[in-house]
Amino acid sequence: MRTCAIKQSKGYIPAFHGKEVECVCEKHGVSRVMHLDGSTKPPECPVCMQEQEEKKKREKAEERRKKHLRKIGIRDKYFNESFITYKPQNEKAAQYLQDLLALAKNPRDIFVLMYGNSGTGKSHLASSAAILNNGIYTTWEFLDLRLRSTYNSYAAKKTEYQMMMYYCTIPFLVIDEIEKGKNEDAKMRCLSLICRERYERNRPLWLAGNCNYKWVKTVLDSSVIDRLKQKGKSFNFFWESYRPKLREAEAI
Ligand SMILES: [Zn+2]
């Protein structure tokens, strides 16, 4: 019979009575563990207990990571994606991957514009850049929704001015799917303002959309296009989508 007292952070808890017993684990073999007198639970393998504890810690860390990714706007689909998991479909895509990774690692005040066909990996790379920089990822439609939600003066937590200032000043911002949404006037006004202000404040901005450069020129005012030319790098994802290939693979 052995008596033990367990030290806890708030002092000592009353002594308990137990004895050392043999514990046989299928996975870890035989070990000797302390077992409480009168306990109805069988003795537990200390290695299994430690493994369970570590598993719980990993799950909690993973939950925290996902919560953070949701907070910065990343969609679930890209939670486990990065520049490393991007699979270039051709030589141009491989070059873009290198160039965009270098820009994401050292964004400085550079503007990045990714345009072209859908399903070519723009959102994958844009999300990866936001994750790498702990920045904010949004789409035009969500940005527009958030701005319009500020018009409800009773429910809104922030004013339109505060929201615009937020998008103009946060250290790293990605606006994806710039081609979507119907309100073209609001889009031109907001995107142009964000671009101009971020340019003046030396903040990087990544824009992405399933569109062509000609369309981009219609949605941003000419002064912004001039700034983009000065401080920007554009990437034309002109090749075919990889999605039909995926569908073919699934059909096999
Ligand atoms: Zn075990």
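Author: Helices (H or I, at least four residues) and strands (E, at least two) are DSSP runs, numbered from the N terminus. This is a predicted model, in which local features need pLDDT of at least 70 and side-chain atom pairs count only at pLDDT 80 or more, while totals for chains, interfaces and linings use all residues. Residues are numbered from 1 along each chain as its sequence is written.

Reader: How many helices and strands does the protein have?

Author: Counted by that rule, the protein has nine helices and ten strands.

Reader: What is the bridge partner of Leu173 in S9?

Author: Strand S8 (residues 173-176) pairs with strand S9 (residues 205-209) in the parallel sense, over three bridges. In S9, Leu173 has as its bridge partner Leu205.

Reader: Is Leu207 buried or exposed?

Author: A residue is buried if 20 or more other C-beta atoms, placed from the backbone, lie within 10 Å of its own, exposed if 12 or fewer, and partly exposed in between. Leu207 is found in strand S9. Because 28 other C-beta atoms lie within 10 Å, Leu207 is buried.

Reader: Which residues is Leu207 in contact with, leaving aside its neighbours within four places in sequence?

Author: Two residues are in contact if their C-beta atoms, placed from the backbone, lie within 7 Å. With those neighbours left aside, the contacts of Leu207 are Leu113, Ile175 and Ile178.

Reader: Are H5 and H6 parallel or oblique to each other?

Author: Axes are lines fitted to C-alpha atoms, for helices over the stretch in contact, and angles run from 0 to 180 degrees between N-to-C directions. Angles under 35 degrees count as roughly parallel, over 145 as roughly antiparallel, 65 to 115 as roughly perpendicular and the rest as oblique. The axes of H5 (residues 160-169) and H6 (residues 184-200) come within 8 Å and cross at roughly 50°. The two helices are therefore oblique.

Methods. Two strands pair if DSSP finds at least two bridges between them.
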